[in-house]
Amino acid sequence: MTYTNRIQYGTALATMGNWSYTTYLRGQYKFSKKYVDNLCKKLVRSSRINKVFASIEKDKLDEHNHLHLLLDANTELSRYNLSIIGGFNHKGIGNIDRVKNEVGVAKYVSKHIGKDFSYHNIFIN
């Protein structure tokens, strides 16, 4: 996938939901595709979250990775809420930021799509 394709993907992703929050997760171990899918399924089963876009991104300095989340939520979310819903330690959850520019954030979370180390998926309640 080329840079132009990733920009187009991010632009289209911005229209696929009412993206209200974004955050990232860092774990003690590398995130696997299976773990990410199970986590996101838990999130969309909650009455608080309608859609989740998830993308795994490789860390620059080592073999670890982190997970970007774009959330379509119908209520306020905090680290604590997200940790309870997903069963993930709140200490590994980054700031829960309100999305002010859907296109910009969608492009950011999809910037590595198509690279050999990336994985992404979208989940809808």
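Modeller: A salt bridge is a side-chain nitrogen of Lys or Arg within 4 Å of a carboxyl oxygen of Asp or Glu. This is a predicted model, in which local features need pLDDT of at least 70 and side-chain atom pairs count only at pLDDT 80 or more, while totals for chains, interfaces and linings use all residues. Residues are numbered from 1 along each chain as its sequence is written, and side-chain values use heavy atoms, with hydrogens and water left out.

The structure holds three salt bridges. One of them joins the side chains of R98 and E76, at 2.7 Å from N to O. Because R98 lies in strand β4 (residues 97-98) and E76 in the loop between β3 and α3, this pair ties together parts that are 22 residues apart in sequence. Such elements are DSSP runs, numbered from the N terminus: helices are H or I runs of at least four residues, and strands are E runs of at least two. R98 has a relative accessibility of 48% and therefore counts as partly exposed. In these terms, buried means under 20% relative accessible area, exposed means over 50%, and partly exposed lies in between, with a 1.4 Å probe and protein chains only.

Another salt bridge is formed by the side chains of R26 and D59, at 2.9 Å from N to O. R26 belongs to the loop between β1 and α2 and D59 to the loop between β2 and β3, so the pair ties together parts 33 residues apart in sequence. R26 is partly exposed, at 38% relative accessibility, whereas D59 counts as buried, at 12%.

There is also a salt bridge between the side chains of E57 and K111, again with an N to O distance of 2.9 Å. This pair links distant parts of the chain, for E57 is in strand β2 and K111 is in the loop between α4 (102-109) and β5, 54 residues apart. E57 is buried, with a relative accessible area of 9%, and K111 is partly exposed, with 26%.

K111 has a further contact: its charged end sits over the ring of Y108, 3.4 Å from the ring centre. A charge sits over a ring if NZ of Lys or CZ of Arg is within 6 Å of the ring centre and within 35 degrees of the ring normal.
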